[in-house]
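Please read them with the structure open.

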Amino acid sequence: MASGSYSLMWFRKALRIHDNPALEHASRASSFLYPVFVIDPRYMDPDPGAFSPGSSRAGINRIRFLLESLSDLDSSLKKLGSRLLVLKGDPDQTIIRCLKEWNINRLCFEYDSEPYYQSLDEKVKSFASSAGVETFCPVSHTLFNPLEIIKKNGGRPPLTYQSFIKLAEKPSWESSELNIPISSLPPVGDVGSCKIFDVPTLRELGHSDFELDENTPFQGGESEGLKRLKDVLSNQDWVANFEKPKGDPSAFHKPATTVLSPYLKFGCLSSRYFYQCINDVYKDVKHSVPPVSLLGQLLWRDFFYTVALGTPNFDKMKGNRICKQIPWNESDELLVAWREARTGYPWIDAIMVQLRKWGWIHHLARHCVACFLTRGDLFVHWEKGRDVFERLLIDSDWALNNGNWLWLSCSSFFYQYNRIYSPVSFGKKYDPNGNYIRHFLPVLKDMPKEYIYEPWTAPLGVQTKAKCIIGKDYPKRVVCHDSASKDCRRKMGEAYALNQRLHGLVSEHDLTNLRRNLEEKYQTAEMNCRSKRQKRSC
């Protein structure tokens, strides 16, 4: 190969042209630029054994969103005189092969704190170092460098939002111009014997039998992300007054939030550029403030990224020093009923249908179904719910998904386990007519509104007229919320007491004993209830 500067830009999540320091560095003073994306079989290959269409790691909606994002990126690169080079295989081995084959002397990619990418990057960086390849790996997926925050805190991540804010202060780039237009890129060099693909379709990846009666309304890509951002910013009053957790979780034709999370997840939209845009709105108007403001939500994102990076086993209960050890039940029957929208609670089931069909649900809807599965009603392990969200959400993000499940199960961060979302009254206050339920659960579309949230209370005549017999057309409740939530509170109380008594050093043996004690108490309570009922009937 002829002499010159050969740069490889390895796209993973920074699927954008704007505010992309790795891409800017790769194109600077380069004779040839190789923009590469590797189709990872771990993420993309079909898995016929999974509970929903998709791969072993991702549902079909997220794979589609990624492919749309790649197509949009390829289109943008072509306008700049380049193109996206799609390869297939194990990412680390594929990138190392490209470095050798193309005689690359500069490798650029965005820093990623997720454990999977940390492992990949270590292997690739090690090879690059030994081969004399310059490596440039800037932090641009988050507002702050999580490693710097952890260093400021004495080598441990801050475990509260406020302590994080105090340590983080202001981003170093806050006053910089981030969205610098790129007018052209260096040409792509000779690819040698490497097999290059176009961005594949779902069918070409083997997902040919997939059909949905209602597809996700959210299209992937930088162009769509910037368009959505522009639409959000056009309503300055809404941006200024945004407060989480406010918002209507039942609004689906026009969601009551930005729906920018999937674009941030894949890096189609720069969180740093979003941050600057919000601040531009804030300059001229009175606005809400962190932690509830829109800007505060970006800071929450960075907080979870930082804690996740600095906490070993962050995605597990065992071996996770910030996670309370709780004797969750391992009921696959209850998990499947929740996952497949068969709990018998229309509000919960409608949310789970929207999740499966759209790959997205409002943050308050996420709170409701996560609470119901764990500490609210079913007492199923949060890791099982996390796995379902990880698969089905188009915005599933390793740090945020695990952080939110730790929070909502009251395993970490948030400990007021007595505050439980009602699977009946919470949705009703936003949508008393049940329009959200009628849309996502059409079997209940003719149920009168006074029974739509509790169809098991409808007289048989009403059920017959609505063409929905409970136990036949729509399932019976898997639990009675009133008694189940009381039981969950009692279990959480005893688990908290055990964790406090043992200073968090709870062994598997301790959990087994606690689980046995809780079951014995439950059986005793049930026997006492039966005895009282029998005496009353005499």
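Predicted model: local features only at pLDDT ≥ 70, side-chain atom pairs only at ≥ 80, totals over all residues.

1. The volume of the second largest cavity is about 50 Å³.

2. How many cavities of 30 Å³ or more are there? The count is 3. The largest cavity holds about 440 Å³ of space.

3. The lining divides into 13 nonpolar, 3 polar and 11 charged residues.

4. Several elements each give at least two residues to the lining of the largest cavity. Among them are strand E2 (32-39), helix H3 (60-79) and helix H5 (115-130). Helix H16 (382-392) and helix H17 (398-408) are also included.

5. Where does the largest cavity lie? Domain 1 (5-140) and domain 3 (332-537) both contribute lining residues, so the cavity lies between them.

6. The cysteines form 0 disulfides. Take Cys323: the closest cysteine sulfur, in Cys410, is 11 Å from its own, too far for a bond. Cys323 is buried, at 6% relative accessibility.

7. Cys488 is in no disulfide either. The nearest cysteine sulfur belongs to Cys371 and is 8.4 Å away. A disulfide needs the sulfur atoms within 2.5 Å. Is Cys488 buried or exposed? Cys488 is buried, because its relative accessible area is 2%, and buried means under 20%.

Methods: Residues numbered from 1 in each chain as written. Heavy atoms only, no water. Buried < 20%, exposed > 50% of the residue type's maximum accessible area, 1.4 Å probe, protein only. 1 Å grid on protein atoms, 1.4 Å probe; cavity = no way out; pocket = protein on both sides within 12 Å on 5 of 7 lines; lining within 4 Å. Points joined across faces, edges and corners; volume = space filled by probe spheres on them. Helix = DSSP H or I, 4+ residues; strand = E, 2+ residues; numbered from the N terminus. Nonpolar A, V, L, I, M, F, W, Y, C, P; charged D, E, K, R; others polar. Domains from an automatic or database assignment.
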